[in-house]
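Good morning. I will go through one chain today, starting with its overall form and then moving to single residues. Please have a look at the picture first.

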Amino acid sequence: MLGETGSFSTIAPAMAEWRGQQMKAAGAKMPIPEAFSARMRQQAEHVWAEALGVADELVSSERDALRTARKELETERAEMASLLDKATAQIAAAVLRQQELELKVEELSAANASAKVESAGACARLDEREQALLAERSERQAVQASLVDARERLAMLEVELRAQNAVR
């Protein structure tokens, strides 16, 4: 059929004949009977309905899971907002307390400075009093020394007076 050579010009007529036979065979096929087509449509519709049911169940369970996850997220968000509110209130209270403490520190610093000034004044007055006391002690010692001298002179004068009175 192909001849002695396998060249295109030798093969081409054989290929054309073969294609023609294939086309005739394809055209000669019997049409699908209507009962079979209807039954196949019913089966296809049934398979499609089953597939839709399975898909719907999957989507439904996914929807339920999504709703549950959304509720959990909303609950967590509400808890986080509550914690944030509490933390904000605590921070505000801490800032207020810090301001109060800073004012107290300023007051105590001013009182400390005032006490230092008063202490310095009291120390100065104490130093003055000590100096005055030392001066009074020195003066008293001088007076006591003078008194001792005066008593000694008085005693000598009394001795002289007695001696003079005895001589007379």
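What you see is a predicted model.

So, how many helices and strands does the chain have? The count is two helices and zero strands. The radius of gyration of the chain is 65 Å, whereas the globule rule gives 15 Å for 168 residues, so the chain is more spread out than a compact globule.

Next, the surface. Of the 168 residues, 1% count as buried. Buried, in this talk, means under 20% relative accessible area; exposed means over 50%, and partly exposed is in between. The accessible surface of the chain comes to about 15400 Å². Carbon and sulfur atoms account for 61% of that surface.

Now helix α2, which covers residues 34–167. UniProt, in an unreviewed entry, lists residues 59–167 as "coiled-coil region". In the model, that stretch is 100% helix and 0% strand. Its end C-alpha atoms are 154 Å apart.

Two pairs of residues give distances within the chain. Take Arg-137, which is found in helix α2. From Arg-137 to Ser-119 there are 18 residues in sequence, and the C-alpha atoms are 26 Å apart in space. Arg-137 has a relative accessible area of 43%, so it counts as partly exposed. The other pair is Val-159 and Ala-135, which are 24 residues apart along the chain, with 35 Å between their C-alpha atoms. Val-159 also lies in helix α2. Is Val-159 buried or exposed? It is exposed, because its relative accessible area is 53% and the cut-off for exposed is over 50%.

On to contacts between side chains. How many salt bridges does the structure hold? There are three. I will take them in order along the chain.

One joins Arg-41 to Glu-34, at 3.1 Å from N to O. The two partners fall into separate classes: Glu-34 is exposed at 54% relative accessibility, while Arg-41 is partly exposed at 45%.

Another joins Arg-67 to Asp-64, with an N to O distance of 3.1 Å. Both residues lie in helix α2, and they are three residues apart, which is about one turn of the helix. Arg-67 is partly exposed, at 46% relative accessibility. Asp-64 is partly exposed as well, at 39%.

The remaining one is between Arg-97 and Glu-100, where the closest N and O atoms are 3.7 Å apart. Which spacing do Arg-97 and Glu-100 have in helix α2? They are three residues apart, again about one turn of the helix. Arg-97 has a relative accessible area of 47% and is partly exposed. Glu-100, at 39%, is also partly exposed.

Which residues make the nonpolar surface patch of about 320 Å²? They are Ile-32, Phe-36 and Met-40. Of these, Met-40 is found in helix α2. Met-40 counts as partly exposed because its relative accessibility is 43%.

To sum up: the chain has two helices and zero strands, it is more spread out than a compact globule, and 1% of its residues count as buried. It also holds three salt bridges and a nonpolar patch made by Ile-32, Phe-36 and Met-40. That is all from me.

Note on methods. Residues numbered from 1 in each chain as written. Predicted model: local features only at pLDDT ≥ 70, side-chain atom pairs only at ≥ 80, totals over all residues. Heavy atoms only, no water. Patch = residues over 30% accessible without salt bridge, like charges linked within 9 Å, V, L, I, M, F, W, Y side chains within 5 Å. Areas by Shrake-Rupley, 256 points an atom, 1.4 Å probe, with all protein chains shown as cover. Salt bridge = Lys/Arg side-chain N within 4 Å of Asp/Glu carboxyl O. Helix = DSSP H or I, 4+ residues; strand = E, 2+ residues; numbered from the N terminus. Buried < 20%, exposed > 50% of the residue type's maximum accessible area, 1.4 Å probe, protein only. UniProt positions renumbered as here; feature names shortened; annotations may be inferred. Rg over C-alpha atoms; globule rule 2.2 N^0.38 Å.
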